[in-house]
Amino acid sequence: MRLRTILLCWLSALTAFGQTAYKGQLHVSGERFSVQGQLLRVYMKVSYDASALNTGETLLFTPVLKTPSHYARMTTVAINGDSRERYEQRTDRLQQRRRINIPVVTRDARTGTRSFVYDTTIPYQSWMAGSALYIECEESTWQGRHPHTYEDLLLSRLPMGRGGSSVSDVPSDVSETPRSSVMRISNSWVQFLAPAVSSVGSTMVSGRFQLPYDMRLSKRHYRQLADSLQEVIGRETSTYATRLLSVELTGYGAPIGNRRKNERRAAEQTLQLRQLLTDRHVTGENDLRVTWVAEDWDSIRQLVTDAPMPLRLAAEDIIRNIDVTQGREEALRTLGSGSAYSYLRRSVFPAVCRLSYRLRFTPRAVGFTADGRLNYSLPQGITADNFYALASTYEVGSREFNDIIDLAARLFPDCAEACIDAAGVALLQGDAQKAHRYITPWDTDRRSWCNLGLLHLLEGNRDKAEVYLKMADAAGVPQAREALRMLFWGQPRQQ
């Protein structure tokens, strides 16, 4: 009896939370839709845990109605993390500002959950009666990072009543609108395939900036380095329609003075340059690596080989055979009464003091409009694997990821991987018809088995779904194994 009570309470809690959005962290319940004169009224309760948002983050919550030929966005509300909300409130007081898109959030100190009521109206049109309800959640931070947008299917068909009441006709605080019977497909169950790599891939741009011989970098030097790097990145991204993936910076110094001091200074310069680039958002969220070589003897050796310097062969012999820790620099100082070392200080050491950079770019994100069309022409030579690489920079299920994968299948209909991936996106959106259109031409390809099984699951045919998922599991597809574990855990699994 105790176990039954616990299970009932657990199931009751799940029912109260209702549908989910934004990576499963927002729980939507009590949805009510009613036509009131010329307006459609939309009501829902949104709950979330305090940890769903970072303290400095803002999440823009927007319900959207869609049909294959129509599209309508409702009022957007901004959900702020704690630090962000305190900042906005201070700004409100100082600027006598009044915000109109902020929900009234109530907090449950006992459970740590928060909730607000979304209640709005939009002009009603007849197509809305058969529309699907999606939730768009756009996240951003006050550090100015590139926002990500997530789109989740909440209801495949909008239930509505007239005369100011919902279809359930129950008070809003306890009502539970009948939901679509569409099965929710988890991101972790869908298999996405990388198309074969083409000859068009990421590109590398390298170069160098000269540094002062004494290697004592002032704040002005650091600012100039950051400005120069931004100029190179901006020129590449604007001219060649590319997107920055990673930045590798390596500073090189010369053997000036005490070696231990040189190494300590190199470490300090590495940290200072990294911090400046981070503060200025030169690289945004991209991979940034900064290293420093205190004394670049490898480059010195190469320059000495071709240098018209006195006692060149003797200097080469010293560099080659005497270790740095065993007095290499002192031996060069005394060579030829200092004439060789004087040449090194004048012509070689300044040449090796530099900051080299390696910037890796990939084809820039292709622009989309609301109806999914390109808003500019494709770069010449772009292929399906470029789209997959681009989509992989976004989270699975986000609007950017979905749009890019779907566009790749439409541009490359003969690419099996692109079509199977697009079917996977349709599955996440609960669109069985679109998934069929993409995956049916490839239903004999064993790589489609996992997503094909999920399609049968979406359509309510669990027997066929289990057959295809077990075949995919036997073929080594981890997503199929996860789906089987979650959905058919009580049945024996085919080995």
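Student: Which residues have the most contacts inside the largest nonpolar core?

Tutor: Leu 229, Leu 249 and Leu 359, in a core of 46 residues. Keep in mind that this is a predicted model.

Student: And which helix gives that core its largest share?

Tutor: Helix H8, residues 339–352, which puts in seven residues. There's also a second, separate core of 39 residues, with Phe 387, Ala 391, Ala 426 and Leu 487 among them.

Student: OK, holes now. How many cavities of 30 Å³ or more does the search find?

Tutor: Four, over the whole structure. The largest cavity holds about 70 Å³ of space.

Student: What lines the largest cavity?

Tutor: The lining includes Asp 214, Asn 262, Arg 265, Gln 269 and Trp 292. By class, the lining has seven nonpolar, three polar and two charged residues.

Student: Which elements give two or more residues to that lining?

Tutor: Helix H4 (259–279) and strand S14 (287–293). H4 has the largest share, with four residues.

Student: Switching to charges. How many salt bridges are there?

Tutor: The whole-structure search turns up 21. One of them joins the side chains of Glu 88 and Arg 84, at 2.9 Å from N to O.

Student: Where do Glu 88 and Arg 84 sit? And are they buried or exposed?

Tutor: Both are in helix H2 (residues 82–95), four residues apart, so about one turn of the helix. Glu 88 and Arg 84 are both buried.

Student: What about Glu 316 and Arg 312?

Tutor: Their side chains form a salt bridge too, at 2.6 Å from N to O. They are four residues apart in helix H6 (residues 312–321), so about one helical turn separates them. Glu 316 is buried, at 12% relative accessible area, while Arg 312 is partly exposed at 27%.

Student: Which residue does Asp 473 form a salt bridge with?

Tutor: Arg 481, with the closest N and O atoms 2.9 Å apart. Asp 473 has a relative accessible area of 5%, so it counts as buried. Arg 481 has 43%, so that residue is partly exposed.

Student: Last one: which residues are linked in a network of salt bridges?

Tutor: Arg 73, Glu 136 and Arg 399.

Methods:
Residues are numbered from 1 along each chain as its sequence is written. This is a predicted model: local features need pLDDT of at least 70, side-chain atom pairs count only at pLDDT 80 or more; totals for chains, interfaces and linings use all residues. Side-chain values use heavy atoms; hydrogens and water are left out. A nonpolar core is a set of buried Ala, Val, Leu, Ile, Met, Phe, Trp, Tyr and Cys residues joined through side-chain atoms within 4.5 Å. Buried means under 20% relative accessible area, exposed over 50%, partly exposed in between (1.4 Å probe, protein chains only). On a 1 Å grid over the protein atoms alone, a cavity is a set of points where a 1.4 Å probe fits but cannot get out, and a pocket is an open set with protein on both sides within 12 Å along at least five of seven lines; lining residues have an atom within 4 Å of a point. Grid points are joined across faces, edges and corners, and a volume is the space filled by probe spheres set on the points. Ala, Val, Leu, Ile, Met, Phe, Trp, Tyr, Cys and Pro count as nonpolar, Asp, Glu, Lys and Arg as charged, and the others, Gly among them, as polar. A salt bridge is a side-chain nitrogen of Lys or Arg within 4 Å of a carboxyl oxygen of Asp or Glu.
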